[in-house]
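Open the model in your viewer and follow the selections below in order.

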Amino acid sequence: MSRRTLAVGLSMATVLTGTAVPVAAAERVSVTFPSAKFPLGVPAVPTKTMTSVAPGIDFWDVKSGTSTDGYTVTVLMPSGRDYGMQQTAEAKVAEVEATGETASLQKVVRPKVADAEAQTVYMVRVGLWKFEEKDKAAETAKKLKDAGIKAKVDYLGDDGMKTTGPWDVKVVMIDAKTFRGSYAATLGTSVAKRETVSSMAKAGQALAAVNGGFFNIHTAKNLRGEPVGISVVGGKLLSEAVPGRSAVVLKGRTARITELKSTVTAIAQDGQKLVVNGVNRAAAADELVLYTEEYGAKTPADNGADAVLDANGKVVALRAPGAAVAAGTRVLHGVAGVAAEWLNAHAAEGVTVKVDTKVVDVRTRKALKLTPDLGVIGGNVGLVRNGHAKITAKLDGQDSVNMILRRHPRTLLGTTRNGSLILATIDGRQPGVTVGASFIEAAQFMRWLGAKQAVNLDGGGSTAMVVGNKLVNRPSDGVERGVGDALLVLPK
C-alpha cells in the first residue's frame with residue numbers, strides 16, 4: 001500500500017518520511033520510535049515512514065535488511081517433524097546417502113527461555129541453493145520422495161539462525177499523555193464466528209486494530225471463532241482463562257499485561273453449587289458449560305439438559321439441548337451425567353441459579369472488577385517483563401523448536417514505563433520480502449521499541465494490523481484471515 005493511499009484513509013493525517021521524527025513531534029509525546037539501529041540481523045538504520053493517525057497515535061512503516069538466504073531440503077523424521085534426536089537423525093543421513101545424495105547432520109540448539117531449558121536436536125539437510133534456484137531444491141526433494149523419504153524445501157530465512165532479513169514491520173505507538181480515546185476487546189458479531197480484523201475495526205469505528213489471541217481450529221467448523229483462553233468484552237466473561245496464561249487487560253485508555261485465572265460457579269437457590277467448566281465452547285464429558293447470547297451458535301445437541309436463565313438468574317425453561325441462546329438470556333448446559341443430573345435436580349423452572357464469575361490477576365491476587373469498560377484479550381506467550389526478556393513459552397504451551405526458534409509472522413503488544421501502548425506486526429513467510437521473527441527476536445524487538453512489558457499475540461497467517469480502515473501489513477496467507485478476536489483503538 002502506498003503512503004499516499006494510507007494518508008487519504010486517515011482524517012487530518014500528517015505524513016512524514018525519513019529516518020527520524022522532527023524534534024517538535026518527538027517533544028510532544030512520551031513514547032517515540034528509537035533512533036538506534038534496527039536490532040535484528042546486521043544492525044542497520046531502517047527505512048521508516050511515520051503517519052500521525054490522531055492526537056497521541058503514530059503509525060510507523062519500517063523496513064530493514066536485505067535478502068541473502070537461499071534454499072535447502074530438509075528430511076523429515078519418522079515423527080513427521082523436521083528435527084529429532086541424534087541417533088534418529090544419523091539413521092536418516094544413512095538412508096539419504098543410500099539414494100546417492102549427500103546429507104548433512106545439523107545440530108540445532110533451541111535456546112533456554114524463562115520456563116524451559118535449552119534443547120539440542122538434529123536436522124538432516126540436503127543441498128544448498130541460491131534464492132533464485134528454488135526449483136533445483138524442489139527437484140531434489142521430489143527425488144527423495146520418490147525414493148520413499150519424506151522431505152520438504154526449506155527457505156533458510158525461516159530458520160532461527162543467522163540471517164540478514166529482510167523485515168517488513170508495522171508499528172503503532174500510542175502515547176499515554178496525549179491519547180484521549182480508549183481501548184476495547186471485540187469478538188465481532190459472535191463468539192463462534194471468525195471475522196477479519198478489518199471487519200471488526202470498521203464495525204467498531206476504530207482508529208487502529210490488531211488481531212488478538214489464539215482461536216480454536218480443532219473444534220467444529222462453525223465454532224472456530226472461539227478464543228483459546230480468556231476473553232472479556234464489555235465486562236462480560238465470554239471465554240474462560242487458561243490458568244496463568246498471559247493476557248492483556250484493557251480499561252478505558254489503559255492497557256496492562258499480566259496473567260489471569262477465572263472461575264465460574266453455578267449456585268442453586270437451595271445453596272448447592274457446581275463448577276462451570278467452560279464458557280461459550282464445545283462441551284466435553286460430564287461438563288457444565290455456560291452459553292451467553294454472544295455465542296452465536298446452538299447449544300450442543302446431546303443427551304444432556306439446558307437450563308435457560310433470564311437476566312436475573314431465574315430459570316425460565318429447562319429444555320432439551322440443541323437450541324439457540326435468545327437475547328437477554330444465558331444457558332447452563334449440562335452434558336449427560338453428573339452435570340445434567342445437577343441441573344435437573346437444582347434448576348427447575350421458576351427457581352433462581354446464580355452464576356458467580358471471578359477473574360483474578362495472578363500477579364496481584366486481586367479480582368478484576370467486571371465493569372462495562374473492561375476488556376481482556378488472551379495472549380500467546382509472554383516476551384518481556386520489567387524491561388527484561390522473559391519468554392514464558394512452556395507455560396503458554398508453545399515451547400517447541402518450531403515456535404521458539406523458527407521465524408513466523410508475529411503480532412506483538414507492549415507497554416512502556418509510563419503506560420503508553422505499542423502494537424507491532426512483523427510480517428513473515430514471504431521469502432525475499434520479509435522473514436518474520438522467532439520468540440527470541442520478538443522479545444529483542446519489543447525491548448528496542450521501549451516496551452517494559454510485552455506479549456506475543458496470535459501470529460502466522462492471523463497477523464493483521466488495520467489503521468484508518470486500511471489493512472497495512474501483508475498477511476502471509478495472501479489474504480486477510482478471519483480470526484477470533486481483536487484489540488481496537490477507539491477515538492472515544
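The tour goes from the whole chain to an annotated span and then to a single residue.

This is a predicted model, in which local features need pLDDT of at least 70, side-chain atom pairs count only at pLDDT 80 or more, and totals for chains, interfaces and linings use all residues. Residues are numbered from 1 along each chain as its sequence is written, and side-chain values use heavy atoms, with hydrogens and water left out.

**Select the whole chain.** Colour by secondary structure: the chain has eight helices and 30 strands, taken as DSSP runs (helices H or I, at least four residues; strands E, at least two) numbered from the N terminus. The C-alpha trace spans about 75 × 65 × 35 Å along its principal axes. Of the 492 residues, 54% are buried, meaning under 20% relative accessible area with a 1.4 Å probe, protein chains only. Contacts are heavy atoms within 4.5 Å; among those between residues at least 6 apart in sequence, 71% join residues at least 24 apart.

**Select residues 308-489.** An unreviewed UniProt entry lists this span as "domain: Phosphodiester glycosidase"; such annotations may be inferred rather than shown by experiment. The span is 13% helix and 32% strand, and its end C-alpha atoms lie 35 Å apart.

**Select Val 355.** This residue sits in strand 21, residues 353-361. Is Val 355 buried or exposed? Val 355 counts as buried, at 12% relative accessibility. Now show its surroundings: beyond neighbours within four places in sequence, Val 355 contacts Val 264, Thr 265, Leu 290, Leu 309, Arg 330 and Leu 332.

Note on methods:
Buried < 20%, exposed > 50% of the residue type's maximum accessible area, 1.4 Å probe, protein only.
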